[in-house]
Amino acid sequence: MNNCIVALTGALGIAIGAATLAAAQDVLTTHRLSAALASEAVTEAVATCAKQGYRVAATIIDTDGVTQAMLRGDGAGLIAVNSSYDKAYTVLMLGAARNEDSSAAFATRIGPTPPAGGVAKFDHVALQPGAFRIKLNNEAIAAIGVGGAPGGDLDEACAKAGLDKISARLK
C-alpha cells in the first residue's frame, strides 16, 4: 500500500511538473534595468552636461515606453524634460526596425524634411539627436534620452556618457 502511494505521489509530481513547464512556455520573459542602474545613468548624463554649463533633463524609458528614471537638472525647463522622453521614445520605438541605436542615426536617415504624413505626426516622436537604445547583448531593453542642451549633438554626448557609465554591467 505504501509503495502504491509513493508511486502515485511521484507520478502526480511528474504530471504537475510537466503541466507547469508547458504553461511556462506561454509566459514572456522581459528584461529591465534595475532602478539603481537607471538612476546612475540619468545622474551621469545630467552631471556631464552640467559640467559644460548645459541645463538638461535625462530620461530612461523601458520597452513599454514607461519612464523608469528621470532627472531634471538644475535650471532645466519642461521642454527639456519632454524632449528627453521623446528622444528616448523615438530611438526605442522607431530605431528597432533598422537596428538604429541612436536617435541621431534615425534623424539622419529621415532627413530635415520628413515625408508628408510620415513619422512626424506620431506623438512623442522627436527627429533629433540625443538618445541611445540600451541593450542587453542584442536585446534593446530601454533607452536614455537627454534634452535641453543648445544642440542635439550635445544632448547626445551627455546621453552617451550616461550609457557608458552603466554599459560594463549590461553584459
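This is a predicted model: local features need pLDDT of at least 70, side-chain atom pairs count only at pLDDT 80 or more; totals for chains, interfaces and linings use all residues.
Just past helix α4, Gly-111 adopts a positive phi of about 90°. Numbering starts from 1 along each chain as its sequence is written, and side-chain values use heavy atoms, with hydrogens and water left out.

**Overall layout**
- The protein has 5 helices and 4 strands; helices (H or I, at least four residues) and strands (E, at least two) are DSSP runs, numbered from the N terminus.
- Reading from the N terminus, the order is α-α-β-β-α-α-β-β-α.
- Of the 171 residues, 41% are buried, where buried means under 20% relative accessible area, exposed over 50%, and partly exposed in between (1.4 Å probe, protein chains only).
- Among contacts (heavy atoms within 4.5 Å) with a separation of 6 or more, 66% link residues 24 or more positions apart.

**Strands**
- β3 (residues 131-136) and β4 (residues 139-147) pair in the antiparallel sense over 6 bridges; pairing requires that DSSP finds at least two bridges between two strands.
- Two residues of that pairing can be picked out by their partners in β4: Lys-135 bridges to Ala-140, and Phe-132 bridges to Ile-144.
- The β3-β4 hairpin has 2 residues between the strands, and Asn-137 takes a positive phi near 60° there.
- β1 also runs antiparallel to β4, joined by 6 bridges, with Thr-59 partnered to Gly-145 in β4.
- β4 has 7 of its 9 residues buried, so the rest of the structure largely encloses it.
- β3 is mostly covered too, with 5 of its 6 residues buried.

**Nonpolar cores**
- The largest nonpolar core has 24 residues, and Leu-33, Ile-60, Ile-134, Ile-144, Val-146 and Leu-170 have the most contacts inside it; such a core is a set of buried Ala, Val, Leu, Ile, Met, Phe, Trp, Tyr and Cys residues joined through side-chain atoms within 4.5 Å.
- Two or more residues of this core come from each of α2, β1 (57-62), β3, β4 and α5 (152-167).
- Helix α2 is the top contributor to this core, giving 7 residues.
- A second, separate core of 7 residues includes Tyr-85, Val-91, Leu-92 and Ala-131.

- The 17 residues of α3 should span 24 Å at 1.5 Å a residue, and the end C-alpha atoms agree, being 24 Å apart; the expected span is 1.5 Å times one less than the number of residues.
- Buried residues of α3 include Ala-80, Tyr-85, Asp-86, Lys-87 and Leu-92, and their cover includes β1, β2 (67-72), α4, β3, β4 and α5.
- In α4 (residues 103-110), Ser-103, Ala-104, Phe-106, Ala-107 and Ile-110 are buried.
- These α4 residues cover an arc of only 160° around the axis, which puts them on the same side of the helix; the arc is that of the directions from the helix axis to the C-beta atoms.
- The buried residues of α4 pack against α3 (78-94), β3 and α5.

**A spot in α2**
- Thr-48 sits in α2 (residues 35-51) and is buried, at 16% relative accessible area.
- Apart from neighbours within four places in sequence, Thr-48 contacts Cys-158 and Ala-161.
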